[in-house]
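Good morning, and thank you for joining. Please look at the sequence and the structure as I bring them up.

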Amino acid sequence: MQNLEVTIKRNSEMADNYCLLEFSLPDHAEQALAGQFLTLRIGDHISPLLRRPFAYASYSRSSNCASILYERRGRSTHMLSGMRPGDTIDLIGPLGKPFPLPHDGTQPVLIAGGIGIGPMLFLYHSICQTGIIPRMIIGARSQSKIPMDLLPEQAIICTDDGSSGIKGTVINGLAQLSGSIGDTTLEMFACGPNAMMKAVHLWSQQQQTVPRLYVSMEQTMACAVGACMGCVMRVNHEKQYARVCIDGPVFDSTLIAWQGL
Ligand SMILES: Cc1cc2nc3c(=O)[nH]c(=O)nc-3n(C[C@H](O)[C@H](O)[C@H](O)COP(=O)(O)OP(=O)(O)OC[C@H]3O[C@@H](n4cnc5c(N)ncnc54)[C@H](O)[C@@H]3O)c2cc1C
Ligand code: FES
């Protein structure tokens with residue numbers, strides 16, 4: 001984990017209210033892995049008071065460049081979308097535990113819902129570098145919420161309103177995919193709204209061919225380094241609670257107490 005001042009290279013809208021922020025990093029910046037996140041100080045030190053967490057959407061050691069894909073939600077993200085190339089920003093990262101890479105002989109399936117697409121694109125490209133091409137399923141409310149230019153060509157798209165791809169949820173996409181690839185063992189990875197990840201977890205539990213599902217959880221965070229207990233979440237473990245910022249954000253889905261979410 002490092003505290004760095006980074007320089008914005010690009011800050012542009014890729015879909016309705018979804019923006020891509022690319023920034024250059026100093027040579028000594030620590031390598032970030034897919035699933036890890038950073039926090040940004042946006043504005044002055046008084047308002048907004050808290051740093052904001054975002055998942056890495058890419059990290060390139062060769063070009064010393066990284067990115068996040070963010071949704072304009074409230075004050076910080078609106079301020080962030082007003083920043084321009086050349087502006088600098090205070091970053092702490094990489095934080096949290098990354099996604100593991102898939103086991104040999106399995107077919108990785110990546111499922112992204114809403115703004116959860118950023119870390120899944122990072123994971124997609126990381127797995128591609130090992131010579132395996134993952135399958136990807138994208139769930140969104142409508143086509144306007146999908147950053148099409150960033151997606152791999154073969155991604156299966158599911159929209160609530162049917163404006164693109166399959167009309168339905170990522171579960172409809174999973175049904176289509178599993179029907180087409182038969183008995184191959186699937187190793188699954190998901191990031192998106194809790195309701196989507198819970199549905200994917202329940203689906204995976206009913207399949208003989210899915211030994212593992214990893215999910216990236218989002219909780220409101222204050223310190224992001226394990227000190228304040230602001231991000232605790234119930235888990236199926238003797239400790240009962242986990243801190244999303246340092247025990248996660250990536251968890252084996254069987255560890256999550258889904259009934260409360
Ligand atoms: C580990 C982690 C990774 C994240 N990765 C991304 C990412 O890649 N891209 C992205 O756009 N966002 C991501 N988020 C969420 C992001 O941190 C919030 O959207 C951001 O802090 C909102 O700040 P704001 O000041 O604009 O909005 P605020 O004024 O703080 O909030 C605006 C609205 O968004 C809701 N909100 C705020 N934080 C969260 C949250 N963590 N989860 C759900 N709702 C929230 C609030 O309840 C409120 O309704 C991540 C959060 C975590 C914990
Ligand atoms: S945000 Fe403080 S312990 Fe996780």
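Strand 7 contributes most to the lining of the largest cavity, with 3 residues. Strands here are DSSP runs of E, at least two residues long, and helices are runs of H or I, at least four, numbered from the N terminus. This is a predicted model, in which local features need pLDDT of at least 70 and side-chain atom pairs count only at pLDDT 80 or more, while totals for chains, interfaces and linings use all residues. Residues are numbered from 1 along each chain as its sequence is written, and side-chain values use heavy atoms, with hydrogens and water left out.

A cavity is a set of points, on a 1 Å grid over the protein atoms alone, where a 1.4 Å probe fits but cannot get out; lining residues have an atom within 4 Å of a point. The largest cavity holds about 40 Å³ of space. Its lining includes Q2, L4, Y56 and L91. Both strand 1 (2-15) and strand 7 (88-95) supply at least two lining residues.

I turn now to ligand 1. How many residues surround ligand 1? There are 17, the closest being P53, E71, R73, T77 and E218; the criterion is a heavy atom within 4 Å. Strand 4 provides the largest share of this shell, 4 residues.

Finally, the polar contacts, which are pairs of N or O atoms within 3.5 Å. An oxygen atom of ligand 1 lies 2.7 Å from a side-chain N or O atom of R73. For the side chain of T77, the corresponding distance is 2.4 Å. A polar backbone atom of G74 is 2.9 Å from an oxygen atom of ligand 1.

How values were computed: Chains are lettered from A and ligands numbered from 1 in the order in which they are written. A polar contact is a pair of N or O atoms within 3.5 Å; within protein, one must be able to donate a hydrogen and the other to accept it, and residues adjacent in sequence count only if both atoms are side-chain atoms. On a 1 Å grid over the protein atoms alone, a cavity is a set of points where a 1.4 Å probe fits but cannot get out, and a pocket is an open set with protein on both sides within 12 Å along at least five of seven lines; lining residues have an atom within 4 Å of a point. Grid points are joined across faces, edges and corners, and a volume is the space filled by probe spheres set on the points.
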